[in-house]
Amino acid sequence: MTDTATRRQSPLPQGAPPRPSALRRAARRPDTMLFLVLVGVVIAASAVIVNFATTVTLGFLLVGIVPVLLLAMPMTLIIVTGEIDLSVASTAGLTSAVMGVLWRDTDLGIWTIIVCCLLVGALCGAFNGLLITGLGVSSLAVTIGTLALFRGLALVVIGDQKVSDFPAELTRLATQRIGDTGIPVVMLGVAVVVAVFAVVLHQTSFGRTLYALGFSPEAARFVGVRVGAAKFWLFVVSGAVSGLVGVYWTLRFASAGPDNATGLELSVIAAVLLGGVSIFGGRGTVFGVVTGVLLIGTVTYALRLARVDETTLPIVTGVLLVLSVVTPSALGWAREKRRLSRLTTSSPAAPAAG
């Protein structure tokens, strides 16, 4: 009787190592380790770089990461499903061009123009989604093509000119701070967007569906998931958020042009992959992505304050992107080698030949 009770209370077999605590398991998670790296970078930069640990620096840093953080939210969901969207920056540039032309050449109010820009972004995303889900073309191939297409359309729409003279109250709002904290007012809206995407991915059945799509689209389809519809609407949302970024970019710099947000897709993808989202799909968290965005933004701004040449900053982003892809594979290889080593050492010796 006593032995039976003891076996019921002990879920682990005899001789098995103790199960790690919840705190230790959390500390081993990639997004937790990345957060600790971020804290270390902030401490080191504050100690080494003059004027880094100030509210002014905080304000400029957060204003700079707003576009990347917004674009990284739908990109996270798309990459979790095993797809990718390389056209986000070009979509933002196109909506910026549309905003400039509508403001210059029509009598529409600024809020009506902003709504039109969001619709243009959503239409761009729907175009991507139709090609990917309707024709079965790879998202990588489609969005490489629309990256060039949307940027070319922006040049057709507005030409090589710049449009400015947007409402001063909106351009001020794009960079306005909350009191003496240095935190931009716009970060309140960004925080709401991040919270919505976090709830959708981690707390809803639709979010669990996205992980299933990343692991195996065939299995997800077998259990009744509408794979095409889920992916289509993800690209529509990505386009709409890109349109929002185009509006923000225009107001922040008080200038609309066809080259706005050029190259931003590299920073977005680097932040998402650095945040622990698998490029093959099926794994990733919003917390990790936010940490990845903050880490890249902090490193970049710290290097600027240290007067590092601007031409070298893309190299840093590229290195972080390569590390974010290579590191998980290297860690997986090390874990597998360690597991095989333990199995070899724990296996009983072969009986001697008689």
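Biologist: What makes the end-to-end distance of helix 4 agree with its 26 residues?

Modeller: The expected span of a helix is 1.5 Å times one less than its number of residues, so helix 4 should span 38 Å, and its end C-alpha atoms, at 35 Å apart, agree with that. Helices here are DSSP runs of H or I with at least four residues, and strands are runs of E with at least two, both numbered from the N terminus. This is a predicted model, in which local features need pLDDT of at least 70 and side-chain atom pairs count only at pLDDT 80 or more, while totals for chains, interfaces and linings use all residues. Residues are numbered from 1 along each chain as its sequence is written, and side-chain values use heavy atoms, with hydrogens and water left out.

Biologist: Where does helix 4 bend, and how is the bend defined?

Modeller: The bend at a residue is the angle between axes fitted to the seven residues ending there and the seven starting there; at Val-66 this angle is about 40 degrees, and Pro-67 follows within four residues.

Biologist: Why is Gly-59 called buried?

Modeller: Buried means under 20% relative accessible area, exposed means over 50%, and partly exposed lies in between, with a 1.4 Å probe and protein chains only; Gly-59, at 0%, therefore counts as buried. Gly-59 lies in helix 4, where 21 of the 26 residues are buried. Contact means heavy atoms within 4.5 Å, and Gly-59 touches Arg-177, Gly-182 and Pro-184, not counting residues up to four places away in sequence.

Biologist: What makes Phe-35 and Phe-287 a tilted pair?

Modeller: Rings of Phe, Tyr and Trp (its six-membered ring) pair if their centres lie within 6.5 Å, and planes under 30 degrees apart count as stacked, over 60 as edge-to-face and the rest as tilted. The rings of Phe-35 and Phe-287 are 5.9 Å apart, centre to centre, with 40 degrees between the planes, and the pair is tilted. Phe-35 lies in helix 3 and Phe-287 in helix 14, so the pair ties together parts that are 252 residues apart in sequence.

Biologist: Which class does the pair of Trp-249 and Phe-253 fall into, and are these residues buried or partly exposed?

Modeller: Trp-249 and Phe-253 also form a tilted pair, at 5.3 Å centre to centre and 45 degrees between the planes. Trp-249 is buried, with a relative accessible area of 18%, whereas Phe-253, at 42%, counts as partly exposed.
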